[in-house]
Amino acid sequence: MEKPFYSLREAARLAGVPEENLRRSVLLGEIVATPVADDRQYLVAASELSRYRGKKSTSSTPEPRERFFCLAAFAIVAILSVGPLFICLWIGSFQEVDYFCGNCTRTLHTTRLRQTVLITHRIEAGPFSRLVQRVYPAPCRHEWISFREGGNRWRRLMTMEKEGVLSVIPESDGVGRVEFIRGVLRRTAP
Ligand SMILES: [Zn+2]
């Protein structure tokens with residue numbers, strides 16, 4: 001007849017596993033056992049041993065719960081290692097593109113996704129936009145030229161302004177000045 005409780009040694013013999021393994025299972029809470037006066041000893045309920053009978057190598061087959069935690073841990077590690085890469089790619093797909101207007105010298109600052117989808121844009125007054133506005137009060141039909149394409153022309157105009165080239169054209173000749181500026185920006189100037 002089966003006893004209700006077994007010492008660790010008896011339980012190990014009955015279960016066919018090393019005593020130390022059984023002790024570890026008790027410590028890990030995998031099987032329920034009652035501690036006795038000697039703190040290395042336990043009384044293992046007979047019912048707890050039933051799981052060992054007929055399947056002595058249970059530990060090699062993960063239970064669904066263990067499998068779930070393994071998969072979850074794997075997923076977290078995968079996300080942590082690949083996540084930053086995706087974030088970098090995502091940020092890298094945003095691009096700032098700046099333009100100037102070949103008519104009024106206003107500047108346009110855009111943020112684009114993958115160079116095509118416009119996310120934000122901001123128009124700012126240009127160095128000669130007031131002059132152009134005064135000479136041609138009608139709203140400008142902007143002719144946007146990217147700095148990447150026409151940056152040299154823009155810089156040339158700024159240099160000319162600094163060196164006083166514009167002042168050669170009399171201030172009274174507003175149209176002359178504006179057309180000169182437009183000529184430089186649109187590369188139609190000699
Ligand atoms: Zn314009």
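User: Which residues of helix α7 are buried?
Analyst: The model is predicted: local features need pLDDT of at least 70, side-chain atom pairs count only at pLDDT 80 or more, and totals for chains, interfaces and linings use all residues. Residues are numbered from 1 along each chain as its sequence is written. A residue is buried if 20 or more other C-beta atoms, placed from the backbone, lie within 10 Å of its own, exposed if 12 or fewer, and partly exposed in between. In α7 the buried residues are Arg177, Val178, Ile181, Arg182, Val184 and Leu185.

User: What do the buried residues of α7 pack against?
Analyst: Contact means C-beta atoms, placed from the backbone, within 7 Å. Helices (H or I, at least four residues) and strands (E, at least two) are DSSP runs, numbered from the N terminus. The buried side of α7 packs against β4 (94-101), α5 (129-135), β7 (144-146) and α6 (147-162).

User: How far apart are the end C-alpha atoms of α7?
Analyst: The expected span is 1.5 Å times one less than the number of residues. Helix α7 (residues 174-185) has twelve residues, so it should span 16 Å. The model agrees with that, as the end C-alpha atoms are separated by 17 Å.

User: Which residue just after α7 takes a positive phi?
Analyst: Look just past the end of the helix. There, a phi of about 60 degrees belongs to arginine 187.

User: In what order do the four strands of the open sheet stand?
Analyst: Two strands pair if DSSP finds at least two bridges between them. Strands β4 and β5 (107-113) are joined antiparallel by seven bridges. Seven bridges also join β5 to β6 (residues 117-124), while β4 and β7 share three. The order is β6-β5-β4-β7.

User: Which strands are at the edges of this four-stranded sheet?
Analyst: The order β6-β5-β4-β7 describes an open sheet. An edge strand here pairs on one side only. The two are β6 and β7.

User: Which residue of β7 stands opposite tyrosine 99?
Analyst: Tyrosine 99 has a bridge partner in β5, leucine 108. Across in β7, tyrosine 99 faces serine 146.

User: Is threonine 105 buried or exposed?
Analyst: Threonine 105 lies in the loop between β4 and β5. Its phi is positive, about 65 degrees, although it is not a glycine. It has 22 other C-beta atoms within 10 Å, so threonine 105 is buried.

User: Is proline 139 buried or exposed?
Analyst: Proline 139 is in the loop between α5 and β7. Its C-alpha atom is 9.6 Å from that of cysteine 104, 35 residues apart along the chain. With 8 other C-beta atoms within 10 Å, proline 139 is exposed.

User: Which residue takes a positive phi in the hairpin of β5 and β6?
Analyst: Three residues lie between the strands of this hairpin. Histidine 109 stands opposite arginine 122 of β6. The positive phi, near 50 degrees, is at arginine 114.

User: Why is one side of β1 and of β2 left without a neighbour in the sheet?
Analyst: Three strands make an open antiparallel sheet, ordered β1-β3-β2. Strand β1 (residues 5-7) is joined to β3 by three bridges, and β2 (residues 33-35) also has three to β3. One side of β1 and of β2 lacks a neighbour because each stands at an edge with a single partner strand.

User: Which residues form the covered face of β3?
Analyst: Leucine 43 in β3 is the bridge partner of serine 7, and tyrosine 42 stands opposite proline 35. The uncovered face of β3 (residues 42-45) holds Leu43 and Ala45. The covered face is Tyr42 and Val44.

User: At roughly what angle do the axes of α1 and α2 cross?
Analyst: Axes are lines fitted to C-alpha atoms, for helices over the stretch in contact, with angles from 0 to 180 degrees between N-to-C directions. Leu8, Arg9, Ala11, Ala12 and Ala15 in α1 meet Glu19, Leu22 and Arg23 in α2. The axes come within 9 Å and cross at roughly 110 degrees.

Definitions and conventions: Two residues are in contact if their C-beta atoms, placed from the backbone, lie within 7 Å.
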